[in-house]
Amino acid sequence: MTRNGLAFEQGGTDGPLLVLIHGLGATAGVWSAMLAEPRWRGRWIAPDLPGHGGSDHSGDYSVEAMATAVGALIEAERHGQPVTILGHSLGGLVAIALAGGGSPVRAAYGLGIKVDWTDEELQRFAGLAARPPKLFATEAEALAQHRRNCGLGEAPLDCPSLARGVAQQDGGWRAAMDMAAFAVERPLMAELIAAARCPVRLACGEGDAMISAERLRDFDPRAFAIAGAGHNAMVDAPGAIWDWLEQAP
C-alpha cells in the first residue's frame, strides 16, 4: 500500500490502531517477526519512513518532518480510533514527536533509541549523507548492503525483515535508502518527552551497544532491558515486545 508517498503494510481488524515505525536504514520489514504472530487487538500499520524502502525520497529528514509525514498517514488510517505508537531507534524519536502532536495518541513506546551522539559520530553520518549511493552488479550484493545499514547482519538475504530494501538504478542495484537520510540530528530527547501529551515508555535490548536501560531511565523511570536482545530487539525477542505493549502504559 502507498499513501501520500509513504509505502506501508497493514493488517488486523477494526479497533485501536497500532503504528510501528522502523529505525534508520531499515524498512517496515523489521517488524515481520512480531507480525508473524500478531497479538494486537485492532488494526496495525507499519510505514517505510520517507527516504526508506518503498517510500518517496524527501528534502527534509528531520525528526519533525518524518513525524509530519507519518502523522498524515495516521490521520488517514485511524478511522476515528485511538492510536498507540511503537518506534525503534530513529523511529522511536518519531513516535515521541507524534505523541506531542495533534493525533489522539494513547501511548508512545520507544525501543532502542540512541540518546547520546558525539560530534565525531554526527560528522561521520553527515559524510555518509553526502555520498552517492553505491551501485552493485547484483541484487544480492545490494541486499547485503541494506542488511548492514539496518544492523541485521545475520539475517538471510531472503528474510522478510529485509523487504523493500533495494532498488534498481542505472542498470545496477543499490540499497533503497536515500543516502541523504543519514544526516541525523542530535536528538532533543528531554524536549520531546516534555512535549508529549501521553505516557512515553522506553526500553532497549540488554545487549544494545547504542543505549542502556540505565541511561533511558533518565527519561522514563520504568525503562528496562529486554533479555536476550540486542539493538533490534523486535527481531531478537518479538514476544517480549508484545508483552511490553500489553502492559498498562
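This is a predicted model: local features need pLDDT of at least 70, side-chain atom pairs count only at pLDDT 80 or more; totals for chains, interfaces and linings use all residues.
H79 has a relative accessible area of 55%, so H79 counts as exposed. H79 sits in the loop between α2 and β5. Its backbone deserves a look too: phi of H79 is near 55°, a positive value in a residue other than glycine.

N4 shows a positive phi as well, about 50°, although N4 is not a glycine. You will find N4 in the loop between β1 (2-3) and β2 (6-12). With a relative accessible area of 70%, N4 is exposed.

## The chain as a whole

Nine helices and 10 strands make up the list of secondary structure elements in the protein chain. The C-alpha atoms fill a box of roughly 50 × 40 × 35 Å along the principal axes.

Of the 249 residues in the protein chain, 54% are buried. If we take contacts between residues at least 6 apart in sequence, 69% join residues at least 24 apart. The chain exposes about 10,900 Å², and carbon and sulfur atoms supply 51% of that area.

D48 has a relative accessible area of 0%, so D48 is buried. S55 has 6% relative accessibility and therefore counts as buried too, the cut-off being under 20%.

Which residue forms a polar contact of 2.7 Å with the side chain of D48? The partner is R164, through its side chain. The backbone of D48 takes part in another pairing: the backbone oxygen of D48 is 2.6 Å from a polar atom of the S55 side chain.

The surroundings of these residues can be listed as well. Setting aside neighbours within four places in sequence, D48 is in contact with L6, A7, H22, T27, A28, G53, G54, S55 and R164. With residues up to four places away left out, S55 touches G5, L6, A7, D48, L49 and P50.

## Helix α3, enclosed

How many of the 10 residues of helix α3 (residues 90-99) are buried? The count is 10 of the 10, so α3 is largely enclosed by the rest of the structure. Among the buried residues of α3 are L90, L93, V94, A97 and L98.

What do these buried residues pack against? Their partners are the strands β3 (17-21), β5 (83-88), β6 (105-111) and β9 (200-205), together with the helices α2 and α6 (189-195).

V63 is placed in helix α2, and at 8% relative accessibility V63 counts as buried. Beyond its neighbours within four places in sequence, V63 is in contact with L90, L93, V94, A97 and E185. L90, L93, V94 and A97 are among the buried residues of α3. In general, an α-helix has 3.6 residues a turn, so residues three or four places apart point the same way. For a distance in the other direction, V63 and L143 are 80 residues apart in sequence and 26 Å apart in space, C-alpha to C-alpha.

I85 is placed in strand β5, and I85 is buried, with a relative accessible area of 0%. Leaving out neighbours within four places in sequence, the contacts of I85 are V19, I21, I74, A95, L98, V105, A107, A108 and Y109. A95 and L98 are among the buried residues of α3. Between I85 and W44 there are 41 residues of separation in sequence, and their C-alpha atoms are 9.7 Å apart.

Key: Residues are numbered from 1 along each chain as its sequence is written. Side-chain values use heavy atoms; hydrogens and water are left out. Buried means under 20% relative accessible area, exposed over 50%, partly exposed in between (1.4 Å probe, protein chains only). A polar contact is a pair of N or O atoms within 3.5 Å; within protein, one must be able to donate a hydrogen and the other to accept it, and residues adjacent in sequence count only if both atoms are side-chain atoms. Contact means heavy atoms within 4.5 Å. Helices (H or I, at least four residues) and strands (E, at least two) are DSSP runs, numbered from the N terminus. Accessible areas come from the Shrake-Rupley method with a 1.4 Å probe; for residues, only the protein chains shown count as cover.
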